[in-house]
Amino acid sequence: MPDTTARIVSLRAAGTCLVVELTEPVPRVLHWGADLGELSAADTAALGLTADAAVLNNALDTPRRFTIWPGEADGWSGTPAQQGHIAGAAAAPRPRTRATAVRQEPNGGGELTIELTDDAAGLDATVRYTLDPSGVLAVATDITRRADADPAPYDLAQVTTLLPLPRRATEILDFTGKWSRERSPQRRPIGYGTHARELRRGKPGLDSPYVVTVGVPGFGFRHGEVWALHIAWSGDQRYLVERHPEGAGTHAAVLGGGEILRAGEIRLAPGDSYQAPVCHYAWSGDGLDGLAERFHTLLRSRPHHPTSPRPVILNSWEAVYFDHDLDRLLRLAERAADVGVERFVLDDGWFRGRRSDNAGLGDWTVDPGVWPDGLTPLVDHVRSLGMEFGLWVEPEMVNLDSDLAREHPDWVLGPAQGVGPAARHQHVLDLAHPDVWDYLLSSLDALVEKYPIAYLKWDHNREVHEAVHGPGDRPTAHAQVLALYRLIDALKERHPGLEIESCASGGGRIDLGILARTDRVWASDCNDPVERQSIQRWTAQLLPPELFGSHVGPATSHTTGRISSDTFRMATALFGHAGIEQDITLCTPEEVARLTAWTALYREMRPLLHSGRIVRADLGDLGDAAAEAALLHGVVAQDGAGALYCWARVATSPEAQWGRVAFPGLAADTRYQVRIRHDIGLPSFHQTSGPAWLTAALDGWVTLPGAVLAVAGVPMPTLNPGQALLIEIRAAN
């Protein structure tokens, strides 16, 4: 009979829980998922009684256990929690529990800390499970080499955080992508073996898995049980879903991840430590929207989460590119203020030698040939118009055609025998080099101090390959990320009000590690609204709208060449931290009037958009191109009193009518008022007229019951492709 007297700990919050049995030598996870409720003595006894699986043929003579530190000592043949050695020895970890501590929060959530020790390797490990009131479970792992350990270093090869999945979780959803098409979903069934996604780009990358989700068959935005993982790390990383015929203890599969460590990168001498990236796990019984709500609640509860209204931005890149003419920029700033812009950002091209993208990176002083009086005339004019001033920088990068590279060639990251091929004519600076770090902090500090800069657009336009330094080509990818974190933290400590955007060729560095110290991300370099509808739809799986930039570009997209209407571009950009990315001095009076109306609409709606719940309708199977030709998404107030929806058509489809479509997030027992917001104009319709409710809502509020809006659904108009309709709904008095 199994030991049913071992202590069982349950962390509970917001309808989810983690249950761990504090067995010896290493505790094991009994359950992660739906809340099991307050466990009685009988409940814990039952969990203990059912904690062991059958002993199989041709297997261990005792039941396999899936512990918090899985390894071969448990009979686990999958990916281990720890891999490493001491000069080829001490390669079979045998940890044992040294101490445990539990903290329960009165309003839900809490923390379980488990300290392990491995005498053979001289290692101590701490695994900390923190369940946030949002229901997101953060797992942090620290490994320390004991001071009295063998002086030979322990070469740590891998640390992987793993949690179990039940048999009913059979489908995987993760993401891939490329420049201007980030976070493209891909879906597959779980097979036997390991589904692994490895990123060796020095950042999460444009093809980042982002959030790996495993769920019951057919899960969607509004339905289905799902389990998910996000790794909060801005460097190399590995996600995995693993299933073996013998299972994982009593469980069927595992979901895990961690940092990819290069060979010899982490060598722990006595007293040294390694902190693995925090892995954020979440469960939902209400599909992908339920997961998103957990992550959004977690992020919005952070002390440093932006609380001031997110200002309307104009970024100069697609307006002027490298053509930094003061008079032209002054006119652009004046037009920006006229239409309601609140923050003006000067993009690439302002610093010494930067007339194109092949020179100047690293020389972070204003180009006197282009700006003989510095940036002061532009900054002063922008501020006199009532706008904040922001500036583009790319501190981690360097052009070989720069004074910095010529004076300090040893500051360029790469092998001693010479750097590899350039990307966008640039290379990477060795941020872990103390002199490089000091130079960058000094340069950025001087800029922010001299010009009252409210916002930095911090870019990162190439992947980090051959991340080695010093005469011995020591790997430094891990140290590079930590140095970046320290740099941003130090700059913000000197300038507490400074806001920073994480941009990386668009959305190539979006993770909760970088967002622990920045204020928003750039979702994509693509402002084409057809592409942006999908990019923003899936960016919102992790981030609330106030944390990702969404800009109105010109009629002809810079990245796709597609021509779109300004009403579609504005309706799409509304659902994020909104801005403008075009030369609006070229706009017609009618276009200027619509832009002005759009910024007013954004200011009116941003309290809702940046605090409410993201909702996305299931109009068909995810991944079905015909079903995704039309999208219905929106934001519903936390109290349910108001909502704004976008009905968008991104492509044609065989269907002429969509039938009745239910509005997600509304209550069946509430009466609502509905109206069409045509402040920015109406879309082009692929129909003659109607439906009747729409015709009435064009003229004002129409009252409809929640049973119709949320359950039965309403017939939706048929739009032409590349069109969107804004629908406002409020609870009737």
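Over which residues does pLDDT stay under 50? That stretch is residues 1–5, and the model gives it eight contacts beyond four places in sequence. This is a predicted model, and the chain as a whole averages a pLDDT of 96, with 99% of the residues scoring at least 70.

Turning to the strands, four of them make up an open sheet, laid out in the order β10-β17-β16-β13 with antiparallel pairing. The edges are taken by β10 (161–165) and β13 (193–199); each has a single partner strand, so one side of each is left without a neighbour in the sheet. Going from one strand to the next, the twist averages 15 degrees. As for what holds such an arrangement together, strands of a sheet pair through backbone hydrogen bonds, either parallel or antiparallel. Here, β13 pairs with β16 (residues 237–248) in the antiparallel sense, and seven bridges link the two.

Helix α7 covers residues 434–450 and helix α8 residues 477–494; their axes come within 10 Å and cross at roughly 30 degrees. The crossing of α7 past α8 is right-handed. On the α7 side, the contact is made by Trp437, Leu440, Leu441, Leu444 and Asp445, while α8 brings in Ala483, Arg486, Leu487, Ala490, Leu491 and Arg494. Sorted by type, the residues of this α7–α8 contact come out as eight nonpolar and three charged, with no polar ones.

Note on methods:
Residues are numbered from 1 along each chain as its sequence is written. This is a predicted model: local features need pLDDT of at least 70, side-chain atom pairs count only at pLDDT 80 or more; totals for chains, interfaces and linings use all residues. Side-chain values use heavy atoms; hydrogens and water are left out. pLDDT is the predictor's confidence in each residue, from 0 to 100. Contact means heavy atoms within 4.5 Å. Two strands pair if DSSP finds at least two bridges between them. Helices (H or I, at least four residues) and strands (E, at least two) are DSSP runs, numbered from the N terminus. Axes are lines fitted to C-alpha atoms, for helices over the stretch in contact, and angles run from 0 to 180 degrees between N-to-C directions. A crossing is left-handed if the near helix is turned anticlockwise from the far one by less than a right angle, and right-handed if clockwise. Ala, Val, Leu, Ile, Met, Phe, Trp, Tyr, Cys and Pro count as nonpolar, Asp, Glu, Lys and Arg as charged, and the others, Gly among them, as polar.
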